[in-house]
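Subject: Handover of a structure and its findings

Dear colleague,

Please find the structure below, together with its sequence. A summary of the findings follows it.

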Amino acid sequence: MKFSESLKKNADFRRVYNKGSSYANKFLVMYVLNNNKEENRLGISVSKKVGNSVVRHHLTRLIRESYRLHEDRFHYGLDIVVIARIHAKNASYHEIESSLLHLAGLHHIISENHLEKKMESF
RNA sequence: UAAGUAGAACAAAUGAUCGCGGCUGCUAAGCCGAAAGGCUGCAGGUGAGGAAAGUCCGGGCUUCACAGGGCAGGAUGCCGGAUAACGUCCGGUGGAGGCGACUCCGAGGAAAGUGCAACAGAAAUGUACCGCCGGCGGAAACGCCGGUAAGGGUGGAAGGGCAGUGUAAGAGACUACCGCCUUCCUGGUAACAGGGAGGGCAUAUGUAAACCCCAUCCGAAGCAAGACCGAGCAGAAGCAGUGACGUGGCCCGCCAGCUUCAGGUAGGUCGCUUGAGGCGGCUGGUGACAGCCGCCGUAGAUAGAUGGCCAUUCACGACAGAACCCGGCUUAUAGUCCGGCUUGCCGU
């Protein structure tokens with residue numbers, strides 16, 4: 001991804017959980033925290049409760065792909081952690097994508113223009 | 001053609017497009033760097049399984065330990081072979097099931113010892129409840145004493161089986177056949193099979209997935225193994241006597257500075273994929289497999305790459321994701337497909 005890295009350390013995850021703000025919908029939970037850097041860092045977490053290894057891998061790929069395709073619309077300087085909920089097990093790419101954008105809108109970390117266009121299209 | 005039986009192969013496909021990880025290349029591609037190299041870009045090609053799973057066995061590899069032997073502990077358990085090795089595989093033997101193809105077996109020892117065996121039953125290792133027979137007593141009913149494991153009853157199991165002789169009634173007491181045990185002969189590498197002779201069964205039930213006995217095997221931990229490089233912080237030694245402090249100077253102390261050293265944290269590199277490799281052929285072997293020849297090059301991530309979207313097609317897609325590597329076992333699984341074999345039916 002051009003403008004982003006992945007969030008790796010357990011300590012980084014903990015900092016985002018403790019200090020970041022969170023919103024949730026049916027499929028996902030999103031934590032966001034400023035990291036004072038030039039780029040975003042994305043962490044994806046899928047619990048074993050959601051499914052076996054294949055299911056969990058597939059979900060992380062869907063979430064990463066959703067973020068990748070809308071990366072240029074996100075504000076930068078953020079640590080973002082996305083957690084897949086159990087209902088996400090059978091979700092399609094489009095459901096995950098709209099779910100991610102919805103949460104980003106609630107956090108006000110996505111560019112307004114695009115969001116408005118998105119809203120108008122509904 | 002139907003039913004069955006054992007085995008082999010596959011695991012939605014194609015195209016376009018946006019991405020990700022290795023690899024290779026780029027008529028001197030760009031940037032950084034003294035270089036080694038790093039980052040970026042472009043192009044090409046490549047990128048999960050039959051079980052990648054469970055982590056139940058076996059081996060390679062690595063580090064540590066190690067004179068030899070024993071004990072303890074664990075594993076295996078008909079015989080022979082294959083193999084790096086195995087608890088795997090192949091071929092046999094014996095037993096069980098099936099008309100058959102074929103399938104199944106935790107298949108050493110209970111005549112070394114110990115333990116356990118509910119309930120029932122007279123009695124569970126050494127026994128007489130009923131019954132049968134004999135003797136004595138009695139008018140009789142019956143009682144007492146003795147013999148008896150053929151019959152009844154209980155039980156998973158009652159002391160070789162079955163038929164006869166025999167007897168008061170019975171009994172391997174005796175006899176035939178079968179079983180068992182000992183021993184000999186023949187065949188077989190062996191398990192074992194066939195046959196002869198003898199014993200006369202006090203060897204007397206089951207359980208060894210109870211202890212145990214016998215034979216064979218096993219050093220321990222694992223790639224987060226391990227090897228190398230190595231910031232920073234703290235440490236040691238040295239240098240310069242430069243800067244700050246100890247009221248100015250010198251010395252000295254201390255902090256900062258520079259150099260070197262060991263240590264090894266964060267981090268990085270290697271280990272990391274050419275290997276008991278795959279495919280085909282020939283030869284040997286009943287077979288597992290082995291030998292020879294030819295061809296192929298086939299993931300290597302490191303918080304972890306193989307995905308998204310669109311179109312078309314179909315039977316509408318199961319179980320499921322490499323993490324050092326192999327050989328097995330076990331468990332999960334939508335379906336597709338191939339040729340063997342068996343039994344039945346129909347036709348020639």
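Which residues does Ser99 touch, not counting residues up to four places away in sequence? They are Asn25, Phe27 and Leu28, where contact means that the C-beta atoms of two residues, placed from the backbone, lie within 7 Å.

Before the rest, a note on conventions. This is a predicted model, in which local features need pLDDT of at least 70 and side-chain atom pairs count only at pLDDT 80 or more, while totals for chains, interfaces and linings use all residues. Residues are numbered from 1 along each chain as its sequence is written, and chains are lettered from A and ligands numbered from 1 in the order in which they are written.

Overall layout

Chain A has four helices and five strands; these are DSSP runs numbered from the N terminus, with helices (H or I) of at least four residues and strands (E) of at least two. Their order from the N terminus is β-α-β-β-β-α-β-α-α. Among the contacts in chain A with a separation of 6 or more, 78% join residues 24 or more positions apart. Of the 122 residues in chain A, 25% are buried. A residue is buried if 20 or more other C-beta atoms lie within 10 Å of its own, exposed if 12 or fewer, and partly exposed in between, with C-beta atoms placed from the backbone.

Helix H2

Helix H2 covers residues 53–69, and its 17 residues should span 24 Å at 1.5 Å a residue, which agrees with the 24 Å between its end C-alpha atoms. The expected span is 1.5 Å times one less than the number of residues. Leu59, Leu62, Ile63, Ser66 and Tyr67 are buried in H2. Seen down the helix axis, the buried residues of H2 fall within an arc of 130°, so they line one face; the arc is that of the directions from the axis to the C-beta atoms. Their cover includes strand E4 (40–46), strand E5 (78–84) and helix H3 (93–107). On the other side of H2, Ser53, Val54, His57 and Leu69 are exposed.

Tyr67 counts as buried because it has 21 C-beta neighbours inside 10 Å. Leaving out residues up to four places away in sequence, Tyr67 touches Leu42 and Leu100.

H2 also gives the most to the surface near RNA strand B, with eight residues. There are 14 residues around the RNA strand, of which Ser6, Asn52, Ser53, Arg61 and Tyr93 come nearest; a residue is near if its C-beta atom, placed from the backbone, lies within 6 Å of the strand.

The core

The largest nonpolar core has 26 residues, and those with the most contacts inside it are Leu28, Ile63, Val82, Ala84 and Leu100. Such a core is a set of buried Ala, Val, Leu, Ile, Met, Phe, Trp, Tyr and Cys residues joined through C-beta atoms within 7 Å. E5 gives the most to this core, with six residues. Apart from neighbours within four places in sequence, Val82 is in contact with Leu28, Met30, Ile44, Ile63 and Leu100.

Ser99 is found in helix H3 and is buried, with 24 other C-beta atoms within 10 Å. His108 lies in the loop between H3 and helix H4 (112–121). His108 is not a glycine, yet has a positive phi of about 55°.

With kind regards
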